[in-house]
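Here's a quick briefing on how the parts of this protein meet and how its ligand sits. Have a look at the model first, then go through the points below.

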Amino acid sequence: MQPILPGSTLGVLGSGQLGRMFAFAAHQLGYHVHTYSHEPNSPCGQVAEQEFVGDYNDTAAIANFARSVDVVTFEFENISSDAARVIEQEGLVYPGGHVLHISQHRIREKTTLSEAGLPVTPFLPVRNQEDLEHAAAAMPFPCILKTAFGGYDGKGQVSVPHAQSLASAWEELGQQEAILEQRIEFTHEISVVAVRSTTGELCCCGPIRNEHRNHILDLSVWPDPEMSRYEIAAREIARGVLETLDVVGVMCIEMFVTRDNQLMINEVAPRPHNSGHLTIEACCSSQFEQQVRAICGLPLGCMQPRHPAAMANLLGDLWSDGEPNWVAALQDPRVKLHLYGKHSARPGRKMGHLTCVADSAEEAARTVLAAREALHSR
Ligand SMILES: Nc1ncnc2c1ncn2[C@@H]1O[C@H](COP(=O)(O)OP(=O)(O)O)[C@@H](O)[C@H]1O
Ligand SMILES: [Mg+2]
């Protein structure tokens with residue numbers, strides 16, 4: 001394939017913070033950006049040259065958007081297969097519709113990866129009464145029941161302490177297609193952000209150490225000296241995932257580290273990921289720049305860490321007592337502020353993040369958490 005050169009127009013389907021940071025990276029490289037959004041004046045629409053507004057199921061409007069660009073990528077994977085097909089008919093799209101089809105559905109995702117010999121959390125599908133009875137008898141409890149489609153930030157998940165509570169858990173999820181996963185007693189959560197280009201070149205960043213609060217990512221740290229022992233194994237798993245799914249673009253692989261130091265895939269996302277935001281400051285090429293390079297067929301950039309970095313998310317809850325104290329948070333000159341341009345600060349909503357680079361991962365984490373705490377000061 002001929003590379004798509006600077007001056008061309010890149011389309012991003014989805015219009016949140018991931019699209020916004022993709023647009024910043026694309027602009028730096030001299031590309032134009034169009035976004036497709038379900039609402040006007042979106043985080044990405046505020047920076048893209050053109051914002052197409054429509055429903056994610058409106059195939060005519062999506063085709064119109066796809067025709068206006070040289071290549072389409074995603075920041076949101078839960079689009080219908082009809083929409084993905086329409087985009088593929090109009091021209092280039094990376095990653096391909098087959099990647100979205102698999103990674104947007106937890107049963108397809110875990111089945112495909114485990115059939116490829118990759119380690120995933122033990123799971124069974126729950127699609128009907130027969131599956132439910134089989135899962136209740138065959139799975140070791142405690143478990144977590146997750147909707148197969150459409151969950152994020154812990155939404156669509158119910159804890160299932162024992163087999164007897166499985167039926168009511170499934171009712172709680174409206175008896176929609178679901179996956180029953182064994183609850184893993186992990187010591188750590190890690191992720192690898194990997195990128196693969198149209199030429200098959202592969203580049204990885206991680207393992208990034210992640211801490212969640214209320215099922216939402218709270219803190220990411222990389223490189224973490226304690227996690228470096230998992231680097232070879234985690235990156236080998238990431239390579240296996242991208243090659244199995246034939247991904248062109250960025251993919252994040254979330255994994256658990258078990259008590260006996262094994263790695264298990266929790267889930268994958270076919271796009272830049274919240275845990276990779278620290279690559280903007282930590283790497284020569286961020287995950288967003290790598291997404292641009294990969295889908296355009298340019299050589300990939302370098303993701304070696306330049307400095308240890310830590311990232312802390314800023315959720316809408318921070319606004320509950322009025323505007324956060326930005327000046328206080330930025331007192332340390334190593335702290336960087338990213339705000340996504342969202343209009344309303346609902347609790348649990350990702351509004352921005354802080355990143356700190358420092359001489360050690362531990363210092364970066366301590367500093368970024370102190371900066372976030374300072375947002376509450378009056
Ligand atoms: N099988 C599991 N065992 C233990 N903890 C889990 C399991 N699945 C999910 N979790 C916890 O819930 C968080 C969110 O779940 P995840 O499957 O990543 O969904 P999403 O990020 O799409 O909401 C995980 O990061 C982890 O902290
Ligand atoms: Mg997750």
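A polar contact here is a pair of N or O atoms within 3.5 Å; within protein, one must be able to donate a hydrogen and the other to accept it, and residues adjacent in sequence count only if both atoms are side-chain atoms. This is a predicted model, where local features need pLDDT of at least 70, side-chain atom pairs count only at pLDDT 80 or more, and totals for chains, interfaces and linings use all residues. Residues are numbered from 1 along each chain as its sequence is written, chains are lettered from A and ligands numbered from 1 in the order in which they are written, and side-chain values use heavy atoms, with hydrogens and water left out.

**Around ligand 1**
- A backbone N or O atom of Gln182 sits 2.9 Å from a nitrogen atom of ligand 1.
- For Gly154, a backbone N or O atom is 2.5 Å from an oxygen atom of the ligand.
- Glu267 uses a polar side-chain atom, 2.8 Å from a ligand oxygen atom.
- Of the 540 Å² of accessible area that ligand 1 has on its own, the protein covers 93% (Shrake-Rupley method, 1.4 Å probe).
- Ligand 1 is surrounded by 20 residues (a heavy atom within 4 Å), and Lys146, Gly154, Glu189, Asn266 and Glu267 are the closest.

**Domain 2 against domain 3**
- The domain assignment (automatic or from a database) puts domain 2 at 122-182 and domain 3 at 186-374.
- Their C-alpha centres are 29 Å apart.
- Six residues of domain 2 contact six of domain 3 (heavy atoms within 4.5 Å).
- One residue pair is in polar contact across this interface, both at pLDDT 80 or more.
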